[in-house]
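Please open the model in your viewer and keep the selection panel at hand.

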Amino acid sequence: MSKAKYAALPYLVWMVVFTIIPMLLILVFAFTTPDGGFTIKNISDVGKYTDVIMKSIWLAAIATAVCLLLGYPLAYILSRQSARSQQIGLMLIMLPMWMSFLLRTFAWMTLLEKTGVINRVLGMIGLGPFELINTSGAVVLGMVYNYLPFMILPLHSIMVKIDHSVIEAAQDLGAGSMKVFSKVVLPLSMPGISSGITMVFVPAVSTFIISKMLGGGSNLMIGDLIDMQFLGNAYNPHLGSAISLVLMVIVLLCMSVMNQFDDSEEMEGMLI
Amino acid sequence: MKRHKGLSRLYTGAIMVFLYLPILVLIVFSFNRNKSRGAWTGFTFDWYLKLFHNDAILSAFGNTLIVAVVSSVFATLIGTAAAIGIYSMNKWMGRAVRTLTYIPIMSPEIIMGVSLMMLFVLMRTKMGVPIQMGLLTLILSHITFNIPFVIFNVLPKLRQMDKNTYDAALDLGCNPFQAFYKVVIPEIMPGIMAGFLMAVTYSLDDFVISYFTSGPTSQTLPIAIWGQLRRRVSPEMNALSTIIFVVVLLALLLGNLSSIQKERRERKAVRI
Amino acid sequence: MNDVLIDIKNAVVEFDGERVLNGLNLQIHDKEFVTFLGPSGCGKTTTLRIIGGFIEPLEGDIFFDGKRINALPPYKRAVNTVFQRYALFPHLNVYENIAFGLRLKKLPDREIASRVGEMLEMVNLRGFEKRGVGQLSGGQQQRVAIARALVNYPRVLLLDEPLGALDLKLRKEMQGELKRIQQAMEITFIYVTHDQEEALTMSDRVVVMKDGEIQQIGTPQDIYNEPVNAFVADFIGESNIIDGIMIHDFLVEFCGVRFECVDKGFGEMQRVDVVVRPEDVKVVSPEEGQLSGVVESILFKGVHYEITVGAHGFRWIIHSTLPQEVGSFVGLRVIPEDIQIMHKMEE
């Protein structure tokens, strides 16, 4: 079977052409001028957008934290159900993901608009209208709504692996329900938490759709900056590459912190 | 214990309301006569009829299917071969290639999108490759992000396989090629199918990468949706969401039913 | 019985630079039942895989019926294998699993049907043709694996710990079954196991291996009664292995006492290992004993008692049908024929 390893050759060639080289292009563009000379001006120009970058990280971090707080109990509850209910529960959680996330975000526009459903309902009892859409809060809400399943699924898949007898053993040894949680369930679910955080934070910090649709003009994110440099009015792929590079560094930092709790073999299972 | 159960149900219910309320609102408003989204003014099917005469949406739908099917077929072929290759590699090399395979999955979509866009632009402008942004670039990009999903669906099936079955096939007279298609391929078929389906799903749903790699004449459904959403309030999108939701729901229910039936058949068979 | 079928000459195999077979020489005769016996990592499965064609030796040669077959791929060898955990094809039913090799040979359907039928008969699985292999018990899967290999009429059947996954009772049953099948088919069986009892019950010859080298080749009786070194003695059944000194031919000293023995040719005043089987030590009164000591423990083992006696600085293991009182003072006797002298193993 030793010759079989060459079956991966087409894939490796494909990867080099369509993943490695494009990534290197970003690196090259970030450090060059339009006529091909070396420069660090693009990178230093990114400094002008520090507030946008910090805000992106901040909003994504809040959304990730909210997802964890909302998702963890649900994943735990689900993991203690019968196999049949778990299957149904997981299906219900995944079903919205199968709809285009543009449409899901669009649904929130319908709800949050000034003349939207929520303001109408509040208006009936004499409240509002409130400025719900075009706020940072709306952006965070959109992120939570879109990425909550990404938190629940890895958490659930690690929690079903926790053998119930381990919990019983802890109870047998005198742990109350709080102790069982803090000493057994939480440590054992760490790999799920870390991959859940990665899987929510990475798309959240790099989104540009949610901020465009729910954030109005005032809540720019890193993704919007990149979009503007490549397909927008500000056209400048060199600066765009520099910003992309910064985004990549943020993502890699997040992943390397989170990977401390994780080994890659486990991850394969979670992604699927 | 009873109290816990009630609390769990309440919590699960609340999350489900959060997940499904926006979709429900979309569905309700898809039958609303009024164009504005806030108020209910009467029942109509108009938006569905308009949707079926919306050429942009219809041609985009065709494109989406072409891109999804073609890219998934190629991704499945390349990815399955790659998985077999990775499986046959030694520990060190296998790990290196698997790490490489995480790049497209874990890096932000926007970076995949802009990097591929840069590649295609440079191929045309600097290397003289006549490649226009269009269906071809979309398919190439979709193959790129779909291959890893195939690999990570097929690899576990290969690992589950008893290593000796391949040897047994050789022992019984297969040459290595026959051993692959008579024994290895049938055994990993469920993984290949799952990978293919996952690739189709991701491809149908992809917006961000398509956004950067499609041309003006080759929109996919998500890009057409984006165009419609940006221009004006369009209740046709409510109708489209409703249709997609119902189709996905039916597909999932059918898939689930058939898997239940299969389970029953197997259980029956074991009893005999 | 004497024609050599497989001849392995000086075979060397390395995995990742580590030597697993260290210049192995072995001849296997036609129609014999040979067992490779040894602890895990001794090279027994590797030897089997050389014969099967799954590994090519780095050095040395392997001849089959006089022809060199070092690089001959498995599918061109007149050898079939019953794999550990069976390696049945999960997507095929019992009939198709067994017919697999015949279909590759493109035999006519009628012949395939009759040969598969014959094999199902042989392994007592008539009526199971249409079953999926996932629905069979371990023992039934085992039988399918055997039938699937034998249906090709190989000259040699290789069995890699085939009974390892079965429970004790089923194992005993299958041991007899395998021996019967071997005799009925009149072919060579090469059997790998780490279970010494299995090896002794079934084999015509046993090859005891350790660290990629053969320790001893012989009939089960030879191996048990005349182990060539302490490793073999220890691996084949329980033994008392004591440091001794060969005073001269027919006289050995251990535990500070001189014993007559039947071995010679070790030289004078040579350090040796002395092996005495537990059932060969007689418990007698202290006055009658060549050695004497205190009974430390006694365990009832069903057929016999296992008694340990601390005597002259050594803890003797004794199998006896008579119980002894723990703490009592007893004598021990060994007759010269039951004392095995062997060269010290090089450490």
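**Conventions**

This is a predicted model, in which local features need pLDDT of at least 70 and side-chain atom pairs count only at pLDDT 80 or more, while totals for chains, interfaces and linings use all residues. Residues are numbered from 1 along each chain as its sequence is written, chains are lettered from A and ligands numbered from 1 in the order in which they are written, and side-chain values use heavy atoms, with hydrogens and water left out.

**Stop 1: chain A**

Select chain A. Chain A has 14 helices and zero strands; helices (H or I, at least four residues) and strands (E, at least two) are DSSP runs, numbered from the N terminus. Along the principal axes, its C-alpha atoms fill a box of roughly 75 × 70 × 30 Å.

Next, select residues 53-258 of chain A, which UniProt lists as "domain: ABC transmembrane type-1" in an unreviewed entry. UniProt positions are given in the numbering used here, feature names are shortened, and annotations may be inferred rather than shown by experiment. This span is 77% helix and 0% strand, and its end C-alpha atoms lie 20 Å apart.

The unreviewed UniProt entry also annotates "transmembrane region" in chain A, with residues 52-78 and 188-210 among the ranges. Residues 52-78 of chain A are 100% helix and 0% strand, with end C-alpha atoms 38 Å apart. Residues 188-210 of chain A are 83% helix and 0% strand, with 33 Å between the end C-alpha atoms.

**Stop 2: H1 and H13 of chain A**

Two packed helices are described by the angle between their axes and the distance between the axes. Select helix H1 (residues 9-30) of chain A together with H13(A): their axes come within 7 Å and cross at roughly 115°. Axes are lines fitted to C-alpha atoms, for helices over the stretch in contact, and angles run from 0 to 180 degrees between N-to-C directions.

H1(A) passes H13(A) in a left-handed crossing. A crossing is left-handed if the near helix is turned anticlockwise from the far one by less than a right angle, and right-handed if clockwise.

Which residues in H1(A) meet H13(A)? They are Ile26(A), Leu27(A), Phe29(A) and Ala30(A), and their partners in H13(A) include Pro237(A), His238(A) and Ser241(A). Contact here means heavy atoms within 4.5 Å.

**Stop 3: from chain A to chain B**

H13(A) passes H5(B) in a left-handed crossing. On the chain A side, Ser241(A), Ser244(A), Leu247(A) and Met248(A) meet Ile110(B), Ile111(B), Val114(B) and Met118(B) of H5(B). By class, this contact has six nonpolar, two polar and no charged residues. Ala, Val, Leu, Ile, Met, Phe, Trp, Tyr, Cys and Pro count as nonpolar, Asp, Glu, Lys and Arg as charged, and the others, Gly among them, as polar.

Of the two pairs of chains in contact, chains A and B share the most contacts.

**Stop 4: H5 and H6 of chain B**

Now select helix H5 (residues 109-125) and helix H6 (residues 135-160) of chain B, whose axes come within 11 Å and cross at roughly 135°. H5(B) and H6(B) are therefore oblique to each other; angles under 35 degrees count as roughly parallel, over 145 as roughly antiparallel, 65 to 115 as roughly perpendicular and the rest as oblique. H5(B) passes H6(B) in a right-handed crossing. Met112(B), Leu116(B) and Phe120(B) are the H5(B) residues that meet H6(B), where their partners include Leu140(B) and Phe145(B).

**Stop 5: chain C**

Select residues 6-236 of chain C, annotated by UniProt as "domain: ABC transporter" in an unreviewed entry. The chain is 36% helix and 27% strand over residues 6-236 of chain C, with end C-alpha atoms 26 Å apart.

Then display chain C with chain B: the contact takes 23 residues from chain C and 20 residues from chain B. Together they bury about 1800 Å², 62% of it on carbon and sulfur atoms. Buried area is the accessible area (1.4 Å probe) that two parts lose on being put together, summed over both. Highlight Tyr75(C), His91(C) and Leu104(C), which supply 30% of the area that chain C buries against chain B, more than any other three residues.

Finally, display chain A with chain C: no contact joins them, and their closest C-alpha atoms lie 10 Å apart.
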